[in-house]
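Please take a moment with the sequence and the structure shown here before reading on. The report is meant to be read with both in view.

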Amino acid sequence: MPHPINNPVGLAARGGPRIVLERPALAMLIGAIAAEWGEIDAMLGEIFNFVSLSKPSPSGGSKSELAGVIFDSLVSFQVRTEVIASVMRLRMQKDIQDEFSGLVKKIRSRTKARNTLVHSAWQVCDAYPKDLIRIVDGAWIRYTESNLKHDLDVSVALRNEVNDFTIKVAFAPKVAID
């Protein structure tokens, strides 16, 4: 858990888009977390391909052209997962559908933490030379390397769970649509 700085009186913070580079170990952890979530998004496209029996695009990559349209555009997570669930209802057994629903809930439960880390306007403060600071509505919140390593571990575990489900869907029987 990040640590609130209860009395920031007298402290000075500085920020900007490149400020995280003053804390390279933390910047790398945030980058790794973002990459794990990129993998989760890519696997959702793969799940769609397997469920819809789509063929990979001839232009390269593993996504079908339809998955590319759905998953590479600015469509929300909710819409993407609803599209997958809708196709699953036509093609997959109920236990796979239920497992996907649970997985979506788990992913959604972590998206706020992911968005906070990846999209924060980070600050640094000389009083905390190894940490990053997030200032929200006047509240100072300090993130340590340990905090970010924990978030990376959680992200990796979630990505592994999505990967295992992707493999399950790839080999699960599908109902043919005539």
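## Overall make-up

The model described here is predicted, and its secondary structure comes to five helices and five strands. Read from the N terminus on, the elements run β-β-α-α-α-α-β-β-β-α.

The protein has 178 residues, of which 38% count as buried. Among the contacts with a separation of 6 or more, 70% are made by residues 24 or more positions apart.

Helix H1 has 29 residues, and from its first C-alpha to its last it reaches 42 Å, which is close to the 42 Å expected at 1.5 Å a residue. After H1 comes Leu53, whose phi is positive, near 60°.

## Helices H3 and H4

H3 also packs against H4, here at an angle of about 170° and with the axes 10 Å apart. That angle makes H3 roughly antiparallel to H4, because angles over 145 degrees count as roughly antiparallel. The residues of H3 that take part are Phe77, Gln78, Thr81, Ile84, Ala85, Met88 and Arg89, and they meet Ile96, Gln97, Phe100, Val104, Ile107 and Arg108 in H4.

## Helix H5 and its surroundings

Helix H5 covers residues 145-171, which is 27 residues, and it reaches 39 Å from its first C-alpha to its last, close to the 39 Å expected at 1.5 Å a residue. Its buried residues are Asn147, Leu148, Asp151, Leu152, Ser155, Leu158, Val162, Phe165, Thr166 and Val169. These buried residues pack against strand E1 (3-5), helix H1 (24-52), helix H3 (77-91), helix H4 (94-119) and strand E5 (139-143).

With H4, the packing angle is about 155° and the axes are 11 Å apart, and H4 and H5 are therefore roughly antiparallel to each other. The crossing of H4 and H5 is left-handed. The contact involves Ile96, Glu99, Phe100, Leu103, Lys106, Ile107, Arg110 and Leu117 of H4, together with Leu148, Asp151, Val154, Leu158, Glu161, Val162, Phe165, Lys168 and Val169 of H5.

## The nonpolar core

Which residues have the most contacts inside the largest nonpolar core? That core has 36 residues, and those with the most contacts inside it are Ile47, Met88, Ile107, Trp122 and Phe165. The elements that give two or more residues to this core are H1, H3, H4 and H5, and H1 gives the most, with twelve residues.

Two of these residues can be followed in more detail. Met88, placed in helix H3, is buried with a relative accessible area of 1%, and, not counting residues up to four places away in sequence, Met88 touches Ile47, Val51, Ile96, Gln97, Phe100, Phe165 and Val169. The C-alpha atoms of Met88 and Asp98 are separated by 9.9 Å, and these two residues lie ten residues apart along the chain. Ile107, if its neighbours within four places in sequence are left aside, is in contact with Trp37, Ile40, Phe77, Leu158 and Val162.

## Two residues to look up

Asp137 has a positive phi of about 50°, although it is not a glycine. Is Asp137 buried or exposed? Asp137 sits in the loop between strand E4 (132-136) and E5, and because its relative accessible area is 83%, Asp137 counts as exposed.

Pro24 is found in helix H1, and with a relative accessible area of 48% it is partly exposed. Although Pro24 and Lys130 are 106 residues apart in sequence, they are 9.6 Å apart in space, C-alpha to C-alpha.

Conventions
Residues numbered from 1 in each chain as written. Predicted model: local features only at pLDDT ≥ 70, side-chain atom pairs only at ≥ 80, totals over all residues. Heavy atoms only, no water. Helix = DSSP H or I, 4+ residues; strand = E, 2+ residues; numbered from the N terminus. Expected span 1.5 Å × (residues − 1). Buried < 20%, exposed > 50% of the residue type's maximum accessible area, 1.4 Å probe, protein only. Contact = heavy atoms within 4.5 Å. Core = buried A, V, L, I, M, F, W, Y, C linked by side-chain atoms within 4.5 Å. Axes fitted to C-alpha atoms, helices over the stretch in contact; angles between N-to-C directions. Parallel < 35°, antiparallel > 145°, perpendicular 65-115°, else oblique. Left-handed = near helix turned anticlockwise from the far one by under 90°.
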